[in-house]
Amino acid sequence: MVSPLCMYSAVGGMADDWHFSHLSAFARGGASVVFTEATAVEERGRISPGCLGIWTDAQAEAFKPITRFISAMGAVPAMQIAHAGRKAAVRPPWEGGTPLTDDDVGDRTPWPVVGPSATPVADGWQTPHALDQNEIHTLVASFAAAARRAHEAGFRILEIHGAHGYLIHSFLSPIANRRNDAYGGDLAGRMRFALEITDAVRAAWPEDLPLFFRISAVDGPPEGWSLDDSVILARELAARGIDVVDCSGGGIAGAPHFRASDSGSPLKTSRDRPPGFQVPYAERVRREAGVKSMAVGVIIDPHQAETILRDGRADLVALGREIMYDPFWPLHAAEALGCDPGFKMWPRQYGWAVVRRAELAGDRADES
Ligand SMILES: Cc1cc2nc3c(=O)[nH]c(=O)nc-3n(C[C@H](O)[C@H](O)[C@H](O)COP(=O)(O)O)c2cc1C
């Protein structure tokens, strides 16, 4: 599967030619499921001014060429719905991913951000407005409305983004949630927002279509959200009709961990993030919560991916950066694993030519 990948390139939250070309390349390359980036359920829920949205019918309409093409390629179009919460209103990663300031004007003007408590991500970040219970109920309804629009737009899998320090995760984590009402305090209180969204989205999303939920299985700091908490949450999610728990990690206290430009934290080196470093989360959630799980994070080699599935450590594997590097990764993986010796999995427009390419490569090898 293709993991959600923000492009920070939309105008007014609308999918355009870039998003079509980005997502259709993965369908052409043999991915089974192609996820949109985190798509905001309301305007202030965008991470950056360039993030996609689905808070209007016009935005839903703009996804239709994308879902049509992905479906025509035999892949499943999937949407991740999200709210950036206190991590909203930032610059794209190639400009540092830092909060927008008063120097940013026009369509880059920062907007007030929201969260469970008036606790900023870190120095230099906006202090969020702590949502009151009426505002929370409105947001739950926004997630449900987004689910209905996603279905209307042709998506066949939906994922609720509950990871990476964004709004839902910030309610779960004691690092960001300092409330003492029904939406904070103990684990049940901190899970309430996530579970109410799940109930509302499950009711709005067709019963026969899969609903995923992405978690940050661990926060990192010892006082944060733990893998034990994730197992408890996953059980609750499964009881409410979540089909797959997508197991990512981190992000509560700063920029998402996948940002290459991050430095200074020992958790952000490749030594601490070896291939498949998050697979143990998916494995434990699957084993102990009785729900299907998805593994993601530095899954790069076809044999590695296949072994995760064959060993029953996860039900699905998702790729991010590796499939950006090689959008034909699934077809190349099929070849490497010996599943597609005749290039029959390739789109017919390419397959016959790729066969010829292989013959010519063989001829060249014979000649040398
Ligand atoms: C450019 C980029 C954008 C991302 N955008 C999202 C996103 O919108 N939603 C999300 O849940 N994760 C997002 N992620 C995280 C990826 O989905 C994935 O979990 C992470 O990159 C680890 O997988 P990888 O090692 O295969 O890249 C993004 C990662 C990258 C590199």
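Strand β1, spanning residues 33–40, makes the greatest contribution to the lining of the second largest cavity, supplying 3 residues. The model is predicted. The complete lining of this cavity consists of A38, T39, A40, G45, R46, I47, C51 and A82. By class, 5 of these residues are nonpolar, 2 are polar and 1 is charged. The second largest cavity holds about 30 Å³ of space. In the search of the whole structure, 2 cavities of 30 Å³ or more were found.

A38, listed above in the cavity lining, also takes part in the surroundings of the ligand: a polar backbone atom of A38 is 2.9 Å from an oxygen atom of the ligand. Two further polar pairs were computed. For S3, a polar side-chain atom lies 2.7 Å from a ligand oxygen atom. For V298, a backbone N or O atom is placed 2.6 Å from an oxygen atom of the ligand. The ligand taken alone exposes 600 Å², and 94% of that area is buried by the protein. The ligand is surrounded by 17 residues, with S3, P4, V298, G320 and R321 being the closest. This shell is made up of 8 nonpolar, 6 polar and 3 charged residues.

The second largest pocket has a volume of about 510 Å³. Its lining comprises 27 residues, and those nearest the centre of the pocket are G30, S32, W329, P330 and A333. Four elements are listed as giving two or more residues to this lining: helix α1 (17–28), helix α9 (302–310), strand β9 (316–318) and helix α11 (329–336). Helix α11 accounts for the largest share, with 5 residues. In terms of residue class, the lining of the second largest pocket divides into 22 nonpolar, 3 polar and 2 charged residues.

A separate position considered was D199, which belongs to helix α6 (residues 187–204). The relative accessible area of D199 is 40%. Residues count as buried under 20% and as exposed over 50%, with partly exposed in between; D199 is therefore classed as partly exposed. The C-alpha atoms of D199 and A40 are 19 Å apart in space, and the two residues are separated by 159 residues in sequence. A40 is itself one of the residues that line the second largest cavity.

Conventions
Residues numbered from 1 in each chain as written. Predicted model: local features only at pLDDT ≥ 70, side-chain atom pairs only at ≥ 80, totals over all residues. Heavy atoms only, no water. Near = heavy atom within 4 Å. Polar contact = N/O pair within 3.5 Å; in protein donor to acceptor, adjacent residues only side chain to side chain. Areas by Shrake-Rupley, 256 points an atom, 1.4 Å probe, with all protein chains shown as cover. Nonpolar A, V, L, I, M, F, W, Y, C, P; charged D, E, K, R; others polar. 1 Å grid on protein atoms, 1.4 Å probe; cavity = no way out; pocket = protein on both sides within 12 Å on 5 of 7 lines; lining within 4 Å. Points joined across faces, edges and corners; volume = space filled by probe spheres on them. Buried < 20%, exposed > 50% of the residue type's maximum accessible area, 1.4 Å probe, protein only.
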